[in-house]
Amino acid sequence: MDVDAWDEATGVALVVDPRRGVRRPVTDYPDFSHLERADQVVAAVPGAGWRAYWKDEGPDNGPLTEQVLAWLVTAKGRATPITVDAHGHVDDAEGADRLIPPGEG
């Protein structure tokens with residue numbers, strides 16, 4: 001969940017509770033453990049033929065190549081490749097050994 005505001009008296013982060021339609025302190029949630037700083041995603045750009053390559057993530061610890069479905073772009077200009085595997089599972093490819101541009105073998 002995104003922090004929507006901060007309680008001025010306590011300094012506690014507030015998030016929107018969509019069920020109740022109000023802001024609630026994050027500490028009201030029983031499963032709350034901590035806040036994490038995250039860049040806000042402001043755009044998604046098509047993968048445009050890029051591929052992600054891992055040298056030892058495939059079958060029998062061999063090579064694996066997956067299509068980049070999209071690039072998520074943050075407010076700070078960082079682009080994260082998002083891949084889709086043969087089973088349709090989507091994940092980020094930040095740990096890829098190499099990103100292969102379109103047209104490169």
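Strands (E, at least two residues) and helices (H or I, at least four) are taken here as DSSP runs, numbered from the N terminus. The structure is a predicted model, in which local features need pLDDT of at least 70 and side-chain atom pairs count only at pLDDT 80 or more, while totals for chains, interfaces and linings use all residues. Residues are numbered from 1 along each chain as its sequence is written, and side-chain values use heavy atoms, with hydrogens and water left out.

An open sheet holds three strands in the order β1-β2-β3, paired in the antiparallel sense; pairing requires that DSSP finds at least two bridges between two strands. Because β1 (5-6) and β3 (22-25) stand at the edges with a single partner strand each, one side of each has no neighbour in the sheet. Two antiparallel bridges join β1 to β2 (residues 13-17), and A5 has L14 of β2 as its bridge partner.

Strand β1 also contains W6, which is exposed at a relative accessible area of 51% (exposed is over 50%, buried under 20%, partly exposed in between, with a 1.4 Å probe and protein chains only). Together with V3, F32 and L35, W6 forms a nonpolar surface patch of about 370 Å² accessible area, computed by the Shrake-Rupley method with a 1.4 Å probe. Patch members have over 30% relative accessible area and no salt bridge, with nonpolar side chains joined within 5 Å and like charges within 9 Å; a salt bridge places a Lys or Arg side-chain nitrogen within 4 Å of an Asp or Glu carboxyl oxygen.

Turning to the backbone, D60 lies in the loop between β5 (51-54) and β6 (64-74), and its phi is positive, near 55 degrees. N61 lies in the loop between β5 and β6, with a positive phi near 60 degrees. D60 is exposed at 79% relative accessibility, and N61 is exposed at 61%.
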